[in-house]
Structures are given as structure tokens and as C-alpha cells.
Amino acid sequence: MAIETISKDAKKSIIQLLNRLLQVEYDLLFNYPRVIDKLVNIDRIHDEQIINALEVMGKDSLRHFDAVDKLIKKLGGETMWHIDVLDGLVDVEEILVRQLERETWVVSWYKAAKKAAEQNKVKVRGFLGRSVGSSDALPEDFVDVNDIISLCERHILDEERHQRLVRDSIDRLRMLINKRATDK
Ligand SMILES: [Fe+2]
């Protein structure tokens with residue numbers, strides 16, 4: 001079977017999408033401990049389920065950040081990000097609502113990156129223009145299209161799980177806040 005990579009243009013657009021994604025992943029990775037801190041120490045809501053959801057997403061963000069950063073570099077791009085630092089007085093419900101929106105964007109960007117890879121496959125040509133059928137004789141900047149697609153697929157599953165986690169956390173937080181108000 002011939003080994004396939006993707007076209008130069010597809011690389012460019014995938015790099016752009018991945019950089020957009022990293023912004024969101026990095027924000028969460030950086031800010032989730034602050035959100036937990038605000039929830040527990042200021043709002044006095046010590047709820048294992050919400051804390052656990054935030055921790056799972058934080059850990060996934062770290063893993064995703066690492067994998068996406070490596071892929072961007074492999075594609076010949078440069079990783080770009082900056083942190084949107086949350087201040088200590090954030091409203092946790094507001095943050096979760098914003099996060100839900102971001103999870104939705106992230107899923108659509110991974111899907112767009114996967115589609116760009118699938119639709120722009122290019123056979124790797126080796127010596128005398130023959131398509132290359134084994135991993136030897138591959139150009140140095142070679143990226144296997146299947147690696148891009150499988151990374152996107154794995155991350156899409158994680159991000160869809162995040163959507164559910166955030167949705168459940170919002171419901172639970174509202175329930176706990178209401179309960180506290182009626183218990184008073
Ligand atoms: Fe996520």
C-alpha cells in the first residue's frame with residue numbers, strides 16, 4: 001500500500017486550526033486549578049463530581065496540548081498561544097458556560113482538520129517518482145495522513161466527553177446553588 005501524506009496547503013490550514021485549538025486547550029490547562037480554588041474556597045462548594053470533571057478536562061488539555069504541539073511542528077508550523085488569565089473572582093457558572101461554548105468550537109475545529117487531511121491526501125513519491133510503499137526512503141518532513149486523522153478522531157471523542165462533563169457540571173452547580181438558597 002502506498003504511503004500517503006497531505007498537500008502543502010492542507011498542512012497550512014491544519015496548522016491554523018490546530019493553533020486555534022491550542023489557545024483553548026492551554027487556557028483550560030492553565031486556569032482549571034483557579035476555577036476549583038474559587039469553587040471550593042470562596043463559593044464553599046466542595047463537590048467531588050464537579051471538581052473531578054474539571055480535573056479530567058485539565059489533564060486531557062495537557063495531553064492534547066502536547067500532542068497537538070508536536071503535530072504542528074511536524075507539519076512545519078510554529079506553535080502559537082497566549083494565556084487568557086482568569087482573575088480569582090471569576091463566576092464559576094459563567095466560566096463553565098463559556099467552556100461549553102469552547103468545547104463546541106474545539107470539536108468543530110478538530111473535525112475540520114480531519115476533513116482537510118482526508119480530502120488532501122498525497123502519495124509520497126520516492127526515487128524515480130515511484131510511490132513509496134515502505135517507511136524507508138521517506139522524506140524527512142514526512143507526516144503520515146493516518147496519524148493526523150487518528151489524532152483528530154481521538155481528540156474529538158475526548159472533546160465530546162468534555163461537552164457532556166461541562167453540561168453535567170453546569171446542571172449540578174445550578175442545583176447546588178438553588179438547594180443552598182432554599183435551605184437557608
Ligand atoms: Fe475540551
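Visitor: What makes the crossing of H1 and H2 left-handed?
Guide: In this predicted model, H1 passes H2 in a left-handed crossing. The term applies because the near helix is turned anticlockwise from the far one by less than a right angle.

Visitor: Which kinds of residue form the contact of H1 with H2?
Guide: The contact divides into 20 nonpolar, four polar and two charged residues.

Visitor: Why is H1 called roughly antiparallel to H2?
Guide: Helix H1, residues 8-42, and helix H2, residues 48-74, pack at an angle of about 150 degrees. Angles over 145 degrees count as roughly antiparallel, so H1 is roughly antiparallel to H2. The axes of the two helices lie 8 Å apart.

Visitor: What pattern does the protein chain follow along the sequence?
Guide: The pattern is β-α-α-α-β-α, and the secondary structure comes to four helices and two strands.

Visitor: How do you know that the protein chain is more spread out than a compact globule?
Guide: For 184 residues the globule rule gives 16 Å, and the radius of gyration of the protein chain is 20 Å, well over that value, so the chain is more spread out than a compact globule. Its C-alpha atoms fill a box of roughly 80 × 25 × 20 Å, taken along the principal axes.

Visitor: What share of the residues is buried?
Guide: Buried residues make up 29% of the 184 in the protein chain. A residue is counted as buried because 20 or more other C-beta atoms lie within 10 Å of its own.

Visitor: What share of the contacts with a separation of 6 or more joins residues 24 or more positions apart?
Guide: Such residues account for 88% of those contacts in the protein chain.

How values were computed:
Residues are numbered from 1 along each chain as its sequence is written. This is a predicted model: local features need pLDDT of at least 70, side-chain atom pairs count only at pLDDT 80 or more; totals for chains, interfaces and linings use all residues. Axes are lines fitted to C-alpha atoms, for helices over the stretch in contact, and angles run from 0 to 180 degrees between N-to-C directions. Angles under 35 degrees count as roughly parallel, over 145 as roughly antiparallel, 65 to 115 as roughly perpendicular and the rest as oblique. Ala, Val, Leu, Ile, Met, Phe, Trp, Tyr, Cys and Pro count as nonpolar, Asp, Glu, Lys and Arg as charged, and the others, Gly among them, as polar. The radius of gyration is taken over C-alpha atoms; the globule rule is 2.2 Å times the number of residues to the power 0.38. A residue is buried if 20 or more other C-beta atoms lie within 10 Å of its own, exposed if 12 or fewer, and partly exposed in between; C-beta atoms are placed from the backbone. Two residues are in contact if their C-beta atoms, placed from the backbone, lie within 7 Å.
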